[in-house]
Number of protein chains: 2
Amino acid sequence: MREVAVIGCGMTKFGRHDDRTLMDLLVEASLKAIDDCGPYDGNIESVYVSSMLAGELTHQTAIATALTDQLGFIPAAAERIENGPASGGSAIKSGFLAVASGMYDLVLVTGGEKMRHVSADRITDLVSTMTHPQGEYAQGVTLPSLAAMFTRLYMAKYGVTSEDLARVAVKNHSNALMNPYAHIHSKIALEGILLSKEAEINNPIIADPLRLYDFCPISDGAASIVICSYEKAKKMSKAPVKIVGFGQATDTLAVHEREDPTTLKAVKLASQGAFEMAGLRPENIDVTELHDAFTILEIAESEDVGFFKKGKGHMALRNGETSLNGKLPINTSGGLKARGHPVGATGISQFVELTWQLRGEASGRQVNGAKKAFCCNFGGFGNNVTAFILSKE
Amino acid sequence: MREVAVIGCGMTKFGRHDDRTLMDLLVEASLKAIDDCGPYDGNIESVYVSSMLAGELTHQTAIATALTDQLGFIPAAAERIENGPASGGSAIKSGFLAVASGMYDLVLVTGGEKMRHVSADRITDLVSTMTHPQGEYAQGVTLPSLAAMFTRLYMAKYGVTSEDLARVAVKNHSNALMNPYAHIHSKIALEGILLSKEAEINNPIIADPLRLYDFCPISDGAASIVICSYEKAKKMSKAPVKIVGFGQATDTLAVHEREDPTTLKAVKLASQGAFEMAGLRPENIDVTELHDAFTILEIAESEDVGFFKKGKGHMALRNGETSLNGKLPINTSGGLKARGHPVGATGISQFVELTWQLRGEASGRQVNGAKKAFCCNFGGFGNNVTAFILSKE
């Protein structure tokens, strides 16, 4: 396999984009990523677009072909990759393997979703289409309800409290304040969302024990990276970031079929695969983006990736180890919780954030001297997970 | 790049499957492809599923994850690939590159679509979502209307007649009679569909000059292949079929933006790419599957692939050169016209047919001594095309 590097990245602001189409967002992120490469020789030879719901929400299919035309990259190859909320990670994997194989030298990977123009009920239903059709969907299971049941088990088994969950939200909102691309720019505190009379109004129960601030928002947005062979990257870019590790794993579609539902086995296996390929261990990582669609997931993933012992992630959080100035900052971008979660863009926006971190371009939220970065994109309720490790040369 | 081979293939009957889900069809095709490998060492490490409209038509997303679970292949990686009607070709490309890169040894590629449970109007609309949203879709353009305009130009420029179009249908219906997996098993003749009084009733105009028998049917179905490195294939399979050439190209999304709308530039470039990689020329091909969603497309593609001079494809057809016993049999399976077109399955079913041909397993429709085979999967109205060349060892 050839070595592969990221040489350009860009994203739209995540949030509401009522007056723009999904294509507008994909184009903006793509052009920013291409611009970010600086002057480069050669042409984009292949375009991968990740979107979970382009057809259902924007009535457009074959959107990768449309983007390739829109950007003037014809006759470049083009594919759309759909893997639920891990669509972004899967699209990066596709580009990574296409370059690693030697088939293409220069590849664009762009992901996006336009979700705010329909009702939240419709989104909740559409997102639920990735659950088990007979075992979950037909029983009325939604992702929030799965997360609530998962959280209850976690609380009972490991002593995680509602305060711990709120701490994830407070930390990630705080990080997002320094990320101009984040959906949510609002400072919150434990007092306002949990420990006061107003909290019941500010932060109502949605799916017991989860409250409003335990959920990521529904966002519009797009993110994009340009990748190429490391050989080419060294010539083209002043600051190429190497993709040194990749892993992926699936788990049972239905959560109740898992031997231990509190263990995210696909996160474990995907991470192991990535660390093995990179020849690194969790303690080598300086900064990480985890898939905190629900606050509990940041805690659980931080354990199953191997950063903390099982059941101890919330203690690391309490101790500030995962804060911006902690030992292992998690979700410096604000995470899904506050950067936002335009589904198809998410995995790619994690890459964008980590590329900025490794280049030292993350301004107010920069992790000093970051050299190795890890991200985890989480499909379904942990049934298809991708993990990547990035390295500063 | 490592050499890659097909070691197993299978498909469901194409047609109506009112009492079965898309998942049922994907599972049947996958299990047949796996069974067809014979005893094999190692596990399926990655699953690619092609489907254009799984979400829209069956309300299920992340279906590749679901299939991986259903087949018991967890923790194998899984992705769904969507590229309009070329989804199948794009999924094979993804598997091909994944094996070629060295990432995976054994990969399952399965495609399917379930379309017959909704109205033909709904299908026509959903298929049109791959056209240009502003320049075509919003103007009421559908794929049949694009095909009709394309045919008019072709008739005016090259002298193709309605009889030539009907000849494609007659030939492909005839081939399909010998394919037990084909959607349509009905013998037709020029007299019955064009040259008689009854023809107006049997074969009415749908989009002038195209008549009913110029269109492929709407089908349910699935098709599947297992691919692996050629090194491994030689040990595992008695009759591995090598993937020796691959090419892909995009063209303008809107057909009217093309300099010469009668030239399928993406077909030309994708084919050139495949022939170049294989070190072969069109005259080396013994059997081919082209994307005849509309009868005119078989004629036009047979020219732009390079089998016949531009404007002469219909003459080769008239002379019987593309018949089963001709110099270059086209669509021995019956093609989209008669084998059927469950969109996500189509590109993979072409591979299945060609694998059978190269192994000498195509019974009544076998092309004697076939050694090299070519197929072309056509996305949009020729805006994203994949081409592959297969070779008997």
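**Reading a two-chain predicted model**

Chain A holds 15 helices and 11 strands.

User: Happy to start there. How do I judge from the radius of gyration of chain A whether the fold is globular?

Analyst: Keep in mind that this is a predicted model. The idea is to set the radius against what a globule rule gives for the chain length. Here the radius of gyration of chain A is 19 Å, close to the 21 Å given by the rule for 393 residues, so chain A is as compact as a globular protein of that length. Along its principal axes, the C-alpha trace spans about 60 × 45 × 40 Å. Buried residues make up 64% of chain A, and of its contacts with a separation of 6 or more, 77% join residues 24 or more positions apart.

User: What rotation superposes chain A on chain B?

Analyst: To read symmetry, look at the angle and at the shift along the axis. A rotation of 180° with 0.0 Å of shift brings chain A onto chain B, with an RMSD of 0.0 Å. That is the relation of a two-fold axis. The same surface serves both copies, as 100% of the contact residues of chain A recur in chain B. Within chain A, Ser101(A) comes closest to the axis, its C-alpha being at 1.8 Å.

User: Which elements of chain A give two or more residues to the side that touches chain B?

Analyst: Begin with the totals: each side is listed by chain, with 48 residues from chain A and 48 residues from chain B. On the chain A side, the elements giving two or more are α2, α3, β3, α4, β8 and α11. The largest share, 6 residues, comes from β3(A).

User: In what sense do β3(A) and strand β3 of chain B pair?

Analyst: For strands, follow the bridges. These two, β3(A) and β3(B), pair in the antiparallel sense over 3 bridges.

User: Now a helix. How many of the residues of α1(B) are buried?

Analyst: Check the length, then the surroundings. Helix α1(B) covers residues 22-36 and reaches 21 Å from first C-alpha to last, close to the 21 Å expected. Of its 15 residues, 11 are buried, so α1(B) is largely enclosed by the rest of the structure. Among the buried ones are Leu22(B), Leu26(B), Glu28(B) and Asp36(B). Their cover includes β1, β2, α2, α3, β4 and β7 of chain B.

User: What comes just after α1(B)?

Analyst: Gly38(B), which takes a positive phi of about 75°.

Note on methods: Residues numbered from 1 in each chain as written. Chains lettered and ligands numbered in written order. Predicted model: local features only at pLDDT ≥ 70, side-chain atom pairs only at ≥ 80, totals over all residues. Least-squares fit on C-alpha atoms with pLDDT ≥ 70 in both. Contact = placed C-beta atoms within 7 Å. Helix = DSSP H or I, 4+ residues; strand = E, 2+ residues; numbered from the N terminus. Pairing = 2+ DSSP bridges. Expected span 1.5 Å × (residues − 1). Buried ≥ 20, exposed ≤ 12 C-beta atoms within 10 Å, placed from the backbone. Rg over C-alpha atoms; globule rule 2.2 N^0.38 Å.
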